[in-house]
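User: I am new to this structure and would like to go through it step by step. Please keep the answers plain.

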Amino acid sequence: ETPVEGLGLAHELVLRLANQIEVHAADAPYPHIRRKLHEIAIQKLDSAKRVRTVIEKLGEKPRLPKGEPKTGKNHWERLNLDLQDQIALDDLLFTLELKSTETPEIAKMVEELRSSQRSHRQILMDFVAIADPQATQT
C-alpha cells in the first residue's frame with residue numbers, strides 16, 4: 001500500500017466513523033453526550049474534507065465508505081463500536097505516518113489528522129466508562 005492509497009483508506013475510515021458517530025449521537029440518551037458526539041462527528045467531517053483536498057491535489061480520487069453505520073442494541077454498545085473503530089483509525093494513521101516520511105505533503109496531512117483525532121479516543125473512552133452496559137435505553 002502506497003502512502004496515497006493509505007491516505008485514501010484514512011479518508012474512507014474517517015468519513016465512515018463521522019457518519020456512524022452522527023447516527024449514534026441522535027440516539028444518545030443524554031443531551032450533553034448527544035452534543036459532544038455531534039461535535040466529534042463535525043470535526044471528523046472537517047478532517048475528511050481536508051484529506052480529500054490533498055488526495056485530489058495528488059491526482060487521485062478519494063475512497064468513500066460503503067455500507068451502513070454499525071449499530072448496537074444500546075447506547076453502551078454503540079459507544080464501544082465507535083471506540084473500536086477510533087482505535088483502528090488511530091492504528092492506521094500511526095502506520096501511515098511511519099510510511100509517509102518520504103512524501104512531505106502526505107506526512108503533513110497525516111500528522112494533522114492524527115492530531116485532530118487524539119481527543120476523540122479519550123472522549124469515547126470516557127463515555128464508555130460512564131455508560132451502563134446493562135441499560136435498556138436504545
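User: Where is A28 found?
Analyst: This is a predicted model. A28 is found in a loop, and the helices on either side of this loop are α1 (3–26) and α2 (31–57). The place asked for is therefore the loop between α1 and α2.

User: Is A28 buried or exposed?
Analyst: The relative accessibility of A28 is 3%. Buried means under 20%, so A28 counts as buried.

User: Which residues is A28 in contact with, leaving aside its neighbours within four places in sequence?
Analyst: A contact needs heavy atoms within 4.5 Å. With its neighbours within four places in sequence left aside, the contacts of A28 are I33, R34, L37 and H75.

User: How many Å separate the C-alpha atoms of A28 and N74?
Analyst: A28 and N74 are 46 residues apart along the chain. The separation of their C-alpha atoms is 9.0 Å.

User: What does N74 cap?
Analyst: A side-chain oxygen of N74 lies 3.2 Å from the backbone nitrogen of W76. A polar contact is a pair of N or O atoms within 3.5 Å. What N74 caps is the N-terminal end of α3.

User: What does helix α3 reach from its first C-alpha to its last?
Analyst: Helix α3 covers residues 75–99 and has 25 residues. At 1.5 Å a residue, 36 Å is expected. The reach of α3 is close to that, at 36 Å.

User: Which side chain does the side chain of D85 make a polar contact with?
Analyst: D85 is found in helix α3 and, at 18% relative accessibility, counts as buried. Not counting residues up to four places away in sequence, D85 touches L17, Q20 and K70. The polar contact, at 3.1 Å, is with the side chain of Q20.

User: Is R118 buried or exposed?
Analyst: R118 has its place in helix α4 (residues 104–130). Its C-alpha atom is separated by 8.2 Å from that of D90, 28 residues apart along the chain. Exposed means over 50%, and because R118 has 54% relative accessibility, R118 counts as exposed.

User: How many helices and strands does the protein chain have?
Analyst: From the N terminus on, the elements run α-α-α-α. The count is 4 helices and 0 strands.

User: What radius of gyration does the protein chain have?
Analyst: The C-alpha atoms fill a box of roughly 50 × 25 × 25 Å along the principal axes. A compact globule with 138 residues would have a radius of gyration near 14 Å. The value for the protein chain agrees with this, at 15 Å.

Technical notes:
Residues numbered from 1 in each chain as written. Predicted model: local features only at pLDDT ≥ 70, side-chain atom pairs only at ≥ 80, totals over all residues. Heavy atoms only, no water. Helix = DSSP H or I, 4+ residues; strand = E, 2+ residues; numbered from the N terminus. Buried < 20%, exposed > 50% of the residue type's maximum accessible area, 1.4 Å probe, protein only. Expected span 1.5 Å × (residues − 1). Polar contact = N/O pair within 3.5 Å; in protein donor to acceptor, adjacent residues only side chain to side chain. Rg over C-alpha atoms; globule rule 2.2 N^0.38 Å.
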